[in-house]
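Please look through the structure below slowly, and keep it in view while you read the paragraphs that follow.

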Amino acid sequence: MTAGFLIASAFLASAVEFVEALTIVLAAGITRDWRSSLTGLGAATIVLAAIVAALGPALTLIPIDVLRIIVGGLLLAFGLQWLRKAILRASGFKALHDEAEIFAREQAEARAAGQEERAGLDWYAFTLSFKGVLLEGLEVAFIVITFGSAQGRIDLAALGAGIALVLVAVVGVVVRGPLTRVPENSLKFAVGVMLTTFGIFWSTEGAGAHWPGDNASLPGVLAFVVLIAFGAVALLKRQRVALA
Amino acid sequence: MRRIRAFGHFWWDFIVGDDWRAAAGVVIAIGVTALLVEAGVDAWWLMPVAVGAVLWLSLRRAAAVSR
C-alpha cells in the first residue's frame with residue numbers, strides 16, 4: 001500500500017513538472033534552435049543527476065527520526081504551497097494554469113530576444129531550456145529525495161519519476177507540441193494533497209508520536225486532507241458568490 | 001554577496017513561498033507535537049488539526065488580497 005502510494009505520488013508530482021519543462025524546451029526548440037535547446041536539456045539533466053547522486057546517499061547517514069522530522073516539515077511547507085494555489089485556482093481566486101498560453105508567451109519572448117552565439121549555440125535557446133529544466137527538475141529531485149529517503153526507498157520514488165519522464169517524453173515527441181490536454185490543474189491539486197499527506201505523516205512520526213495502526217493510518221490522513229481541501233474549495237466558492 | 005543573496009532567495013522562495021506564516025505555523029506545530037510527546041502525550045492528532053488551521057488561515061489571507 002505505502003509502496004504503491006509512494007510510486008504514485010512521485011509519478012504524479014514528476015509528471016506535472018516534466019510537462020512544464022517540456023513546454024519550455026519545445027518553445028526554445030521550435031522558435032530558436034533545436035540543437036541549443038536540447039543541449040540545455042542535457043546539461044540540466046547532468047546537473048540534476050549530480051545533485052540527486054550527491055544528496056541521496058548523504059541523507060541515508062541521518063538517523064531516520066531526524067530525517068523524517070526535517071523531510072516532513074519541508075514537505076509540509078512545500079506541499080501547502082501547492083495545495084493553497086490549487087485550492088485558490090479551483091475556487092476561482094487564482095487564474096487556472098494554461099500550458100497553451102505559457103507556450104505562446106515563451107515563444108513570443110524567444111522571438112523577441114536578440115541573437116547571441118556562444119560555444120556554437122544559440123545562447124538564448126540554451127539558457128532558456130537549461131534554466132527551465134533545472135528549475136522544474138529541482139522540484140522533481142526534491143520530491144524524489146524527500147519521499148524516498150523518509151520511507152527508506154529512494155528506488156521506488158525514482159521509479160515513479162522515471163515512468164513520468166518516459167511517458168511525458170514519448171507523448172511530447174508524438175504530439176510535438178505542449179501537452180495542453182493533460183489536466184494539469186487537477187494533477188496539481190492531487191499532488192498538493194499527497195505532499196501534504198506525507199508531510200503530516202512523517203513530521204508527526206519524526207516528532208516522536210505514533211499513528212494508530214502505523215502505516216495503515218496513511219489512507220486516513222489522505223482522506224482527511226482531501227476532505228479539508230474540498231471543504232476549503234466549497235467555502236471559498238461560496239465567499240466568491242456572496243461577494244459578486 | 002549578491003549571488004549568495006540570490007541563492008538564499010531562491011531556496012526561500014522554493015520551500016517557503018509567498019506565505020512565510022504557513023511555514024512558521026508548520027514549524028511551531030511540529031515543535032508543540034514534540035513537546036507533548038516529551039510530556040507523555042501521544043499527540044498524533046495535533047499535526048492534521050494544525051495543518052487544517054494553517055491552510056485555512058493562509059487561504060483566507062490570499063483570498064482577501066486577490067479581492
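A nonpolar core is a set of buried Ala, Val, Leu, Ile, Met, Phe, Trp, Tyr and Cys residues joined through C-beta atoms within 7 Å, and a residue is called buried if 20 or more other C-beta atoms, placed from the backbone, lie within 10 Å of its own, exposed if 12 or fewer do, and partly exposed in between. This is a predicted model, in which local features need pLDDT of at least 70 and side-chain atom pairs count only at pLDDT 80 or more, while totals for chains, interfaces and linings use all residues. Residues are numbered from 1 along each chain as its sequence is written, and chains are lettered from A and ligands numbered from 1 in the order in which they are written.

The largest nonpolar core holds 91 residues, of which A10(A), I87(A), V144(A) and A157(A) touch the most other members. Helix 1 of chain A, residues 2-31, gives the most to this core, with 16 residues (helices are DSSP runs of H or I, at least four residues, numbered from the N terminus). Leaving aside neighbours within four places in sequence, V144(A) is in contact with A10(A), V52(A), I154(A), A157(A), A158(A) and A161(A), where contact means that the C-beta atoms of two residues, placed from the backbone, lie within 7 Å.

Turning to the two chains, 31 residues of chain A are in contact with 27 residues of chain B. On the side of chain A that touches chain B, the elements giving two or more residues are helix 3 (64-90), helix 7 (184-206) and helix 8 (218-243) of chain A, and the largest share, 12 residues, comes from helix 3 of chain A.

Which way do helix 3 and helix 7 of chain A run relative to each other? Their axes, which are lines fitted to C-alpha atoms over the stretch in contact, come within 6 Å and cross at roughly 150 degrees. Helix 3 of chain A is therefore roughly antiparallel to helix 7 of chain A, since angles between N-to-C directions, which run from 0 to 180 degrees, count as roughly antiparallel when over 145.

Two single residues complete the tour. A104(A) lies in helix 4 (residues 99-112) of chain A, and A104(A) counts as partly exposed because it has 13 C-beta neighbours inside 10 Å. D214(A), in the loop between helix 7 and helix 8 of chain A, has a positive phi of about 50 degrees although it is not a glycine, and D214(A) is exposed, with 10 other C-beta atoms within 10 Å.

Definitions and conventions. Angles under 35 degrees count as roughly parallel, over 145 as roughly antiparallel, 65 to 115 as roughly perpendicular and the rest as oblique.
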